[in-house]
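This report looks at one protein model from the side of its charged contacts, aromatic rings, helices and confidence. Please keep the sequence and the structure open beside the text while reading.

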Amino acid sequence: MAKDQSSYFAGKHLWSETKDDLLSCYLTPYFQKVFPFSKGGIVYVDAFAGEGKFADGTLGSPLIALSKLQSIARGMRAKVPVQFVLAESNSDSRAKLVSSFRAARGNSRYVKEPIVCDDFQHAIGSARSVVLKSGCRPSTYFVYIDPFGVKDLRMDLLRDLPNPRHAEVLLNFNTIGFIRDACAALKSALAVPSTIEVADEALSFELPASERIARLTSCIGSEDWVDIVRARQNNATEFWEAEYQIARLFCKNAATHYRFVTNMPVKDMRCGAYGRGLIKYRMIHMTNNADGCVLMNDNMLKRNAERQTIQPGMFVVDVDGRDVEPSSIQRAVNCVIESSRLGEKVKMAEIAASVISRCGVFSKSTKLLKDYVKPLLDSGVLERVEKVTPSGKPKNSFAPKDLVYKAR
């Protein structure tokens with residue numbers, strides 16, 4: 001479906017509000033954490049920025065990010081330079097974006113004049129060339145990607161960010177739109193169920209099948225999507241399993257460049273069986289920093305609290321509504337421990353992030369650590385680096401910042 005700019009920017013859909021709410025809630029603690037330590041500056045990329053503001057006055061993603069940054073920076077004595085790189089393909093929307101961003105930026109000295117591009121590829125290229133301080137490349141990169149469909153999404157661009165240790169990506173991946181285009185390219189019978197509204201920008205049907213297949217492979221990072229769709233082409237009832245597997249494949253391919261990849265469904269809770277809602281998008285968070293992974297996990301659970309299906313004492317369920325085997329969680333914990341040397345200090349965040357990335361979003365980090373790290377402390381496999389609190393009491397917290405080491 002072609003993108004109607006006037007109707008799209010009239011006001012936010014319910015799931016768009018959810019996406020922006022998650023972004024907003026994440027950016028506050030994110031900027032609090034990185035602002036004081038980004039001496040070389042921060043580069044913030046919004047690769048599909050839109051107009052900046054909707055017709056009803058609500059803020060779009062670039063102005064949400066700017067407002068969160070400004071709020072945090074006001075409380076900081078020392079300011080670090082920040083460069084926004086914004087991309088929007090529609091020329092009219094791009095002009096409105098520049099106007100709304102400049103008005104919100106005001107006469108700020110630390111927030112630089114935005115770099116405005118016409119597409120995702122140019123935005124990433126511009127981000128790579130940013131120099132905020134002489135002889136020093138930017139310290140921190142954050143990339144927000146909310147495409148209208150999948151036709152302009154490319155995995156190789158996500159792998160091509162500078163300073164990957166301090167780069168994070170938050171992507172809204174339209175798995176349903178991907179499957180729709182995949183079925184068209186392969187002439188598969190696995191069609192999108194008629195009850196699902198697909199509001200996105202599809203690949204042109206005038207493209208040869210070979211080019212459509214190449215575009216989809218570029219989007220997801222490998223040709224394995226073909227097997228996922230073809231394996232289910234004679235059974236349309238397996239649509240949601242195909243959707244889930246496509247999301248897992250994207251995360252698997254992203255994990256070749258990012259240590260921690262978190263997959264979170266954004267649902268329309270007005271639809272679907274058993275009150276679980278229908279998936280509209282997948283929010284996928286990619287980072288090489290354990291603290292960022294843990295922060296996103298806890299943020300997702302906080303914003304999604306009223307929809308949780310976890311039943312303590314019976315079984316563990318992730319935000320997809322799928323069972324999480326305790327043995328899988330324990331294996332993820334053990335993997336971190338086994339890969340460390342005797343006496344080597346390990347942040348609890350490293351353990352939690354490894355579990356989240358492997359097993360999904362299912363529990364707040366502190367509870368996860370208490371449930372699966374405490375037995376290792378009790379048995380002596382792990383020891384705390386700090387065994388007492390500043391007041392002299394035995395330390396028994398399970399915060400991501402706490403340090404442990406392998407004792408045997």
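## Salt bridges

Arg102 and Glu113 pair through their side chains in a salt bridge, with an N to O distance of 2.5 Å; the term is used here for a side-chain nitrogen of Lys or Arg within 4 Å of a carboxyl oxygen of Asp or Glu. Arg102 belongs to helix H4 (residues 91–105), while Glu113 is in the loop between H4 and strand E3 (115–117), and the two residues are eleven residues apart. Helices (H or I, at least four residues) and strands (E, at least two) are DSSP runs numbered from the N terminus. Arg102 counts as partly exposed because its relative accessibility is 45%, and Glu113, at 34%, also counts as partly exposed; buried means under 20% relative accessible area, exposed over 50%, and partly exposed in between, with a 1.4 Å probe and protein chains only. The model is a predicted one, in which local features need pLDDT of at least 70 and side-chain atom pairs count only at pLDDT 80 or more, whereas totals for chains, interfaces and linings use all residues. Residues are numbered from 1 along each chain as its sequence is written, and side-chain values use heavy atoms, with hydrogens and water left out.

Over the whole structure, the search finds 21 salt bridges. Side chains of opposite charge can pair when their charged atoms come close. One of these bridges joins Arg212 and Asp181, whose closest N and O atoms are 4.0 Å apart. Because Arg212 lies in helix H8 (residues 209–220) and Asp181 in helix H7 (residues 175–186), this pair ties together parts that are 31 residues apart in sequence, and both Arg212 and Asp181 are buried. A further salt bridge, with an N to O distance of 3.8 Å, is formed by the side chains of Asp402 and Lys395. Asp402 is buried because its relative accessible area is 5%, and Lys395 is buried with a value of 19%.

## Aromatic rings and charges over them

Rings of Phe, Tyr and Trp (its six-membered ring) pair if their centres lie within 6.5 Å, and planes under 30 degrees apart count as stacked, over 60 as edge-to-face and the rest as tilted. By this rule the count comes to 14 aromatic pairs. Among them is the edge-to-face pair of Phe173 and Phe178, with 6.0 Å from centre to centre and 70° between the planes; Phe173 and Phe178 are both buried. One aromatic cluster is made up of Tyr26, Tyr30, Phe31, Tyr44, Phe84, Phe101 and Phe142.

Charged side chains also sit over rings, a term that requires NZ of Lys or CZ of Arg within 6 Å of the ring centre and within 35 degrees of the ring normal. The charged end of Lys19 is placed over the ring of Tyr281 at 3.7 Å from its centre, and that of Arg384 over the ring of Phe398 at 4.9 Å from its centre.

The protein has 14 helices and ten strands. Helix H10 (residues 239–254) has 16 residues and should span 22 Å at 1.5 Å a residue, which agrees with the 23 Å between its end C-alpha atoms; the expected span is 1.5 Å times one less than the number of residues. Buried residues in H10 include Phe239, Tyr244, Leu249, Phe250 and Cys251.

Thr256 is in the loop between H10 and strand E6 (260–268), and because its relative accessibility is 60%, Thr256 counts as exposed. Thr256 and Arg159 are 97 residues apart in sequence, yet their C-alpha atoms are 8.6 Å apart in space. Lys187, in the loop between H7 and H8, has a positive phi of about 55° although it is not a glycine, and Lys187 counts as exposed at 70% relative accessibility.

## Whole chain and confidence

Of the 408 residues of the protein, 53% count as buried. Among contacts (heavy atoms within 4.5 Å) between residues at least 6 apart in sequence, 73% join residues at least 24 apart.

The mean pLDDT, the predictor's confidence in each residue from 0 to 100, is 87 for the protein, and 88% of its residues reach 70 or more. Over residues 1–6 the pLDDT is below 50, and this stretch has 13 contacts in the model beyond near neighbours in sequence. Residues 306–314 also stay under 50, with eight contacts beyond four places in sequence. Where pLDDT is low, the predicted coordinates should not be read in detail.
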